[in-house]
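Reader: I would like a close look at one residue in this protein. Please start with the residue itself, then show me the setting around it.

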Amino acid sequence: MAETHTADIVLSLTGRDKGQLMLVVAEEGDFLLLANGRARRAESPKRKRRKHVSRQGLCDERTRRKLLENGRLNNSDIRKALALWTGDEDAN
């Protein structure tokens, strides 16, 4: 099982957001802060245990660099990263 880190795309396995793809915007010990830019906004990320998500892969390089250097993304950046990962560029 791969370790999940900031800038990874994850699939929620539990809760109301089960089945949703989200971006890990930060880490807090055993918890991840997740956002999808719509239902879960960058300003109020979902705090979820690592064991309740499945790592899907890395987000695009531009978004990953921006998040790791600045520590913040806006909702549009998050939606674009998820759309690029799924191949649905028109989802914005």
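Author: This is a predicted model. Of its 92 residues, 37% count as buried. Let us take Leu 33 as our example. Leu 33 sits in strand E3, which covers residues 31-35. Is Leu 33 buried or exposed? Its relative accessible area is 14%. Buried means under 20%, so Leu 33 is buried.

Leu 23 and Leu 33 are 10 residues apart along the chain. Their C-alpha atoms are separated by 8.3 Å.

Next, step back to the whole chain. The protein has 2 helices and 5 strands. Read along the sequence, the pattern is β-β-β-β-β-α-α. Among contacts with a separation of 6 or more, 48% join residues 24 or more positions apart.

What about the overall dimensions? The C-alpha trace spans about 30 × 25 × 25 Å along its principal axes. A compact globule with 92 residues would have a radius of gyration near 12 Å. The protein has 12 Å, so the two agree.

Finally, the surface and the charges. The accessible surface comes to about 5,400 Å². Carbon and sulfur atoms account for 45% of that surface. The protein carries 19 positive and 14 negative charges, and their mean positions are 6 Å apart.

How values were computed. Residues are numbered from 1 along each chain as its sequence is written. This is a predicted model: local features need pLDDT of at least 70, side-chain atom pairs count only at pLDDT 80 or more; totals for chains, interfaces and linings use all residues. Side-chain values use heavy atoms; hydrogens and water are left out. Helices (H or I, at least four residues) and strands (E, at least two) are DSSP runs, numbered from the N terminus. The radius of gyration is taken over C-alpha atoms; the globule rule is 2.2 Å times the number of residues to the power 0.38. Buried means under 20% relative accessible area, exposed over 50%, partly exposed in between (1.4 Å probe, protein chains only). Contact means heavy atoms within 4.5 Å. Accessible areas come from the Shrake-Rupley method with a 1.4 Å probe; for residues, only the protein chains shown count as cover. Lys and Arg count as positive and Asp and Glu as negative; His and the chain ends are not counted. The place of a charge is taken as NZ of Lys, CZ of Arg, CG of Asp or CD of Glu.
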